[in-house]
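Student: I would like to go through the terms used for this model and see what each one rests on.
Tutor: Then ask about them in turn.

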Amino acid sequence: MKKKTIFTVLTLFTLPFFLTSQDVHVTGKVTDGATGQLLPYASIQLFTSDSTFAGGDVTNDEGSFDIKITAGSYYASIDFIGYKTYYTPVFVARDKSHSLGMIALNTGGVDLDEVVIEVEKSSMAFALDKRVFNVGKDLANAGGTASDLLSNIPSLNVDVDGSIKLRGSDNVRILIDGKPSGLVSFKGGAGLQQLQGNQIERVEIITNPSARYEAEGMAGIINIVLKKDQSQGFNGSFELILGQPVNYGVAANVNYRKNKLNFFLNYGLAYRKLPNIGSQYQEFYGPDTTFISISDRSGTVNGLHNNVQAGLDYFFNDKNILTASYLLRRTDVRRLTDITYDDYFNNTSNFLGRTLRHQDETETEPNSEIAVTYKKSYTDKGHELVLDLRYLDYWERSDQFFEQTSTLQKPNVNSFQKSLNDEFEKTYLAQLDYVKPIKSGGFLRDGKLETGLRTSFRDMTNDYLVTQRAEDGSFFTLQGLDNVFFYQENIHATYVIIGDARNKFSYQLGARAEYTDIKTVLEKTNESNPRKYTNLFPSGHLTYTINDGNALQLSYSRRVRRPRYTELSPYITLSDNRNFFAGNPDLNPEFTDAFDLGHIKYFASGSIASSVFYRYTTDKIQSIRRVTDIETSTFLPENLLDENSFGVEITSQYSPINWWKGDLSFNFFRAITDGTNIGDDITSDTYSWFARHTSRFTLKNNTTLQMRANYEAPQQLPQGKRLEIFYIDIGASTDLFKGNGTITFNVSDVFNSRVNRSEFNGVSFFTSSSSQFRRRQINLSLSYRIKQSKAKAKKSLISEE
C-alpha cells in the first residue's frame, strides 16, 4: 500500500513534465503570394481536426510565427487585411517542432455564395507589448488626414487643437516609421493634419515601451508606419478625394523593383477649406464689480498640402539592405477668424459695448527629411544590425494682421497690429541597434540580447516681432514682443536588454541611460537657462502563458516628458486679445513610473485584450489660467507637484457571423493632480471614461457598410472640467473595375455633435466655452490599384493529409 501511494505521488509530480514534453512549436512565415514580401501582423489561428480553437499568434516584423500546442491533428487559418483567408490542410504535429513553411497569401475576397466564406481580418492585431491597427480597411479614414485617422483608433483621443491623448494623457511620443519627424516637432500632434491618411499603412500603439525606445513619452509611443512596397516589377495605387466642407485631394503610392534595386514614391496633394465656430462666456470679479464678456468666433482655415517621399532600397544580397529616402512637405495656409465681444457690467442688462476683432494669417511651412538606413541580417534567425542616419530641416513663417474696432467708450479701442513669426529647426540623428539571439542551453536557453546607441542634436529658433499702428500711421513695437528664442537640445543614449523564455514564462529586463543637454536663450533680453542631467530609465516585462492563445504580462518602465518647444517659447498668441497663450522657458521635465498588467485572449471568433495601468508623475506640466486685469487672462504652462493616475482598458474584436465584424474599446481612468505649489485651488480628482464601438457589415459583391459610435465622458481638470462628447461616423464602400478599384463614401460626425465644451473657474474668474474646429465632414474617394487586384476566392483548402 505504501509503495502504491509513493508511485501515485511520483506519477502526479512527473506527469506534467511528460505532458510538457509533448508540446509542439508550430512555426512558419507568411508572405505575399504575388511578390514574396513578408507580411508582419498577419493573424494565425490553429484548430483541431473537429474545428475546436486551439491557439493563435500574430506574425512578427519578419512575418514569422511560433505557436506552442500539444501533439495532435490540426489545421491553420491565416488572415491578413486585404488578402483572402488561407486554410492549410490538416497536419499531424508530433515532434518538438512542426514547420508550415512559407505560407503565401493572395489578394482578394470571397463571394457569399462560395463554399468558404471569408472572415476578413480585423483592422486590429494584438500583442502583449503593442497593438497594431491596419488602417486601410477602416471606411472612416477615407479622404481624411493622419489626425482624423488617429481619432478613429481605440485608446486615442484627438483634442480640438489637434493634440493627441493616449489613455487620457497627452504625454505621448509620436514617431513616423519609428523615428522622430519634423511634422510633430513644433506643433505636436496638430502637425499630423498636414499628412494625408492614405499614405499610412498602419499605426502601432506601445503603452509601456522597453528600454530600446527613447524614454520620451509618459503615456507611451504612437508609431505611424507609412506605405512602402518591395515587390518585383511595377505596382501601386492611386486615389482621388472629393469632400464637403471643401476637401479635394489626389494621392499616389507606387513601387518599382528590378533585381537588386527597389524604387518607391508616395505623393499626396490636398486642398481643404475647414470652417470653425466657437463661443465663450466669461466673468471677471473685482472688489465690488463683475465684468462680463460674451464672445462668438467664426473662421475658416484654407490649406494646400503637398507631401512627397521618394527613395530606394539596394539589396546587396538577402542579408544586407541599404535604404535611402528623401521626404519633402510643404503647407500653405490662409487663416481668417472673426471674433465679436459683447461686454457687460455686473449683469447682462448693463451693456457696455461691442468689440470686433479680425485675424488674417498667412502661414508657410516647408520641411524636409533625409534618411539612410543599413540593415545586416546574420545567418541565425533574429540576429541583425541596423544603422539609421537622419537629417530634419523645418521652417515656418507666419504673417498675421489683426484689426480691431470697438464701440466701448474709452481711448485706443481701435487698433491695427502686425505679427511676424519665423520658426526654424534642424535635427541630426544617428542610431545603432544590435540584436543577438542566445540559445546556449546555459543561463539563457531561448534568450535574446539587444543593445544600441543613439545620439541627436536639435537646434530650434523662434524669431518673433509684434507691432501696432500709431495714430500717425507709423508702427511701434509692443513691449515684450520682440525677441529671438533659441532652443538647443543634445541627447545621447545607450541601452541594453536581455530576455529569455522558459516553459510558460518569458521575461525581458532592460536599462537605458540618457544624457540631456538643453539650453534656452532669449537673445535681446540676454536671458539664458541651461539644463544638464543624466537619467537611468529601467524597464521590465514578465509574460506568463496560461494556455494556447491566453497570456498575462506585467510590465514596468520609467519615462520622461521634456517640455515641448511651444511650451518653452514665450511668444504670445494674439488671435484672441482677451485670452493669451504663451510658453514658459523655466519649465522642468516631468518623470513617470508606469506599471501595466495586461491580458490577451484569442477565441475562434475574435480576441480580447485588457490591461490595468498605474502611473505616478512628478513635476506634472499643466496649463494654468490667470487673470491679468479686469478683462484679460493668460494661459501659461507650469510644473505642478505630481499626479497619480490609474485605470483599466479593454479592447476586443469579434465576428459572431461571417458577414458582421465588430470591435469595442473601453477605457476608464482616475487622475489625482496636486498643484498646491501653484495655488491651493489647483487640484483635481477626476474619474472619466471613453468608449468606441465599430460594426462592419460585408454584403455581396464586396460591398461593406460601417458605423462607429464614440463617447467621451466628462473630466475634471485642475481649474475646471471638460464636458462630455458624443458623435457617430458612417461609411460604405464597394469594389469596381473587376476588383482593381474601390469607391468609398463616409460621413464623420453625422449629427454635427462633436462640440468641445469646458468650464474653468478661479478666485477671480469663471469661463464657459464651446468650440468646434472639426465639423461634420462628407467625403467620397475613389482608389485604383495596379497589380494589386482582388482575386476570385477558391474552394476550401481544408483536407486530410
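Student: What stands opposite glycine 28 in β4?
Tutor: Phenylalanine 65 stands there. The model is predicted, so local features need pLDDT of at least 70 and side-chain atom pairs pLDDT 80 or more, while totals for chains, interfaces and linings use all residues. Residues are numbered from 1 along each chain as its sequence is written, and side-chain values use heavy atoms, without hydrogens and water.

Student: What makes β1 and β4 a pair, and in which sense do they pair?
Tutor: Two strands pair if DSSP finds at least two bridges between them. Strand β1 (residues 23–32) and β4 have seven bridges, in the antiparallel sense. A strand here is a DSSP run of E with at least two residues; helices are runs of H or I with at least four, and both are numbered from the N terminus.

Student: Why are β4 and β8 called edge strands?
Tutor: The open sheet has the order β4-β1-β8, with mixed pairing. β4 (64–70) and β8 (97–105) each pair on one side only, so they are its edges. The twist averages 20 degrees from one strand to the next, with axes fitted to C-alpha atoms and angles from 0 to 180 degrees between N-to-C directions.

Student: Which order does the sheet with β30 have?
Tutor: This open sheet of three strands runs β30-β34-β33, with mixed pairing. Its edge strands are β30 (579–581) and β33 (621–627), and its twist averages 30 degrees from one strand to the next. β30 pairs with β34 (residues 633–639) in the parallel sense, over three bridges. Phenylalanine 581 stands opposite phenylalanine 635 in β34.

Student: Why does leucine 261 count as partly exposed?
Tutor: Buried means under 20% relative accessible area, exposed over 50%, and partly exposed in between (1.4 Å probe, protein chains only). Leucine 261 has 31%, so it is partly exposed. Its place is in strand β19.

Student: What makes the nonpolar patch a patch, and which element gives the most to it?
Tutor: Patch residues have over 30% relative accessible area and no salt bridge, and nonpolar side chains (Val, Leu, Ile, Met, Phe, Trp, Tyr) are joined within 5 Å. A salt bridge would need a side-chain nitrogen of Lys or Arg within 4 Å of a carboxyl oxygen of Asp or Glu. The patch covers about 890 Å², and its residues include Phe234, Leu261 and Tyr784. β17 gives the most, with three residues.

Note on methods:
Patch = residues over 30% accessible without salt bridge, like charges linked within 9 Å, V, L, I, M, F, W, Y side chains within 5 Å. Areas by Shrake-Rupley, 256 points an atom, 1.4 Å probe, with all protein chains shown as cover.
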